[in-house]
Amino acid sequence: MKTLKFLIEKEFKQMFRNPLIPRLIVLFPTMVLLVFPWAVSFEIKNIRVDVVDHSKSVYSKRLTDKIAASQYFILHDTPPDYNAAMLNMENDETDMILEIPASFDVDLVKRRESGVGVAVNSVNGTQGLLGSNYVMQIVNDFSSELRGELTQTLPPQTRVSVMRLKKMNIVPQYKYNPALDYKKFMIPGFMVLLLTILCGILPALNIVMEKENGTINQINVTPISKMNFILAKLIPYWAVGLVVMIISITLSFLIYGLWPGGGVVAVLISAIVFILSVSGLGIIISNYSETMQQASFLVMFFILILVLLGGMFTPVSSMPAWAQAIAAINPFNYLTTAFRMLYLNGSSLADVSGNLLALGAIAVVLNGWAVFSYKKRG
Amino acid sequence: MKQFIAFVKKEFRHIIRDNRTLLIILGMPVVEVLLFGFAVNMEVQNIRVAVYDPTPDAFTTGIAERIRQNSYFNYRGSVQTMDEMEESMRKGELDLAVVFQQNFQEELVHSGEADVQLLSNSSDPNRGSIAATYTTAIIAGFQREQTDLIQIPFQIQTENRMIYNPLMKSSYMFVPGIMGLVLMIICTIMTSVSIVREKERGTMEVLLASPLKQGTMIFAKTIPYMVISFIDFVIILLLSYFVLDVPVNGSLLLLFFVAILYITLTLSYGLTVSTLVDKQVNAVIFSAITAMIPVLMLSGMIFPVDNMPGTLQALSAIVPARWFIEVVRKVMIQGLGMTIAWKEILVLAGMTLFLLGITIMKTKKRLE
């Protein structure tokens, strides 16, 4: 126990001898939480539309005006034909083309139905889909408007049926995030990202640095047990992670008014278990690396996988089965889910206990491996 | 020139002899492109849904049945109480609940109106709203079938065409992003760490004693890295084309040119970092943080730049990957040529010159 205390003291001294580290611990979370939440949004506004109006009738004008008035769209141009509009899309001047056929008004009045064509840039598939859904909504609104105005022109039999159309009122209610604010969803994710980067990269460089500097040989000739050595390496990152968490929790409350409904204690407990698992991963990488360059590539490799397959940016539930299997052993996924539940759903520590157990199991395996893979013989 | 070539050869040997590092540098992009290319997508699937139906009737069971059969939904049956529903939503076991009012059918037939509420777990706003939209569409479809009209008058059909990505594959959007991210990380860490390492170990001093100018020497060092990074790019491109089925619609030559330009830029960034720090740890931390977070957040790789507020759009303009990703999407997916791509290429070239300028200035200062 006494040895451990001294070892921990050594680690802290080593860590703070590099002036970048204390600055990093304070400034990095501050910068990330101050700037990046504003960048995340899938809500699309300002879709630029070109309307190709072959009909040039009252109805087509009304539809065009309705699109232009919508908060989602900006009427960019009304080119004479589709090819001209397509050229605009190629030049990245417009995102969407609405083509109204020449017979639009005649069809509406005579046949009581009509159609329009929508072409949308779908390099970003989700955006393309959302954009065309918005157009469809506007077109549907327009057609029920017409139904109201033109009921009188219908034959009596149909008119009665239209009047008798039954109405199911579908009322969506967005629980936990009624304003559909993407920032609130992403901020718990940013906290996990910060912990992963700081408590993953630093330990990954730690032992390999001692190898490159030759100081590891001095440790290896002492009677310090492998267990104590690794523990002494791990514990300082707990401290680092807790400082990062306290800064993050405070900032996200002050700037975004976000406070964990499940309690700060629950958030900190989950963070502690998580830090243990990523730091363990870092130490394993450090043990297996010969140079700091190798360690840094490897740790970035794993961090990218943890983050991009961890449900922070894209949902785990839409991944193929094999990727979901990876997510099942991904600590990032468990903590992100737990933080989001604690922050947004108001879940309690008991509600996230499954996630914590999984994190604990991962931490035990990784740190066992870390102790095992540290060889005292050079 | 002869000296220069000899120096480049020496650096090549250094790298090739370090088998492990080489394996990591060449293997990392392969694994990541495959993992992310297949797994990362924004589609909303497997929506876990439950129904709360106090008085089941033909209409409510009909709607529930439609939802159960829909492939986007994972039907979890019906809940008996609202409390039960609330609890499983709070535990994160449920994404959406369809709540019918009492005596739904009776209300609908007699008063012509009935309420159905969709409680959508919107902690993820994207998922929450799309899940509600899907459900609304299903109920509206069911409603249309209940009318005695052959056709509701004054309907306007919309015929949708998805340009450039008709199958709406997420990989079309993500592959250029992954290219930008992986190259940025590898190139920056590779150059910055290896040069700072020589500084840290003092071998730089030995090199400085050689008759080669320091500037020339540093550029000789980056040439092997350029070759390796280009091989990485080709590997990613081949995997994207043959395994992920992402098309190369534009000129391959132009794509290679853009890649070489971007690699030069990211290597120059690594050089710049190496002039700013003097410890390997700091080089790694600095490169890792500046190469990863801005690319993930501001490059348009995941979150479209057009959606960001003005200040952040301006900030994103200094992220090299933003321009690279844009131009790769244009050339690869949209099949556009130089007439459109020149703007991004110009920005990338300008950034490269700027960073090289800083590096040369900083290096000269050290010689004095």
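**Exercise 1.** In this predicted model, find how many bridges join strand 1 of chain B to strand 3 of chain B, and in which sense the two strands run.

*Solution.* Start with strand 3, which spans residues 96–100 of chain B. Line it up against strand 1 of chain B: the two run parallel, and four bridges join them. For a spot to look at, pick B:Val49, which stands opposite B:Leu96 in strand 3.

**Exercise 2.** Work out which residue of strand 2 of chain B stands opposite B:Val49, and trace how the chain gets from strand 1 to strand 2.

*Solution.* First, strand 1 (residues 47–52) and strand 2 (residues 73–79) of chain B run parallel, with five bridges between them. Next, look across from B:Val49 into strand 2 and you'll land on B:Tyr75.

**Exercise 3.** Time to hop between chains: find which strand of chain B pairs with strand 5 of chain A, and name the bridge partner of A:Val171.

*Solution.* Take strand 5 of chain A, residues 167–175. Zoom in on A:Val171, and its bridge partner in strand 4 of chain B turns out to be B:Gln117.

**Exercise 4.** Say how many residues each chain brings to the contact, and describe the side of chain A that touches chain B.

*Solution.* Chain A brings 101 residues and chain B brings 95. On chain A's side, helix 6 (residues 125–149) gives the most, with 14 residues. Sort that side by type and you get 56 nonpolar, 33 polar and 12 charged residues.

Methods: Residues are numbered from 1 along each chain as its sequence is written. Chains are lettered from A and ligands numbered from 1 in the order in which they are written. This is a predicted model: local features need pLDDT of at least 70, side-chain atom pairs count only at pLDDT 80 or more; totals for chains, interfaces and linings use all residues. Two residues are in contact if their C-beta atoms, placed from the backbone, lie within 7 Å. Ala, Val, Leu, Ile, Met, Phe, Trp, Tyr, Cys and Pro count as nonpolar, Asp, Glu, Lys and Arg as charged, and the others, Gly among them, as polar. Two strands pair if DSSP finds at least two bridges between them. A crossover is right-handed if, with the strands pointing away from the viewer, the path from the first strand over the helix to the second runs clockwise.
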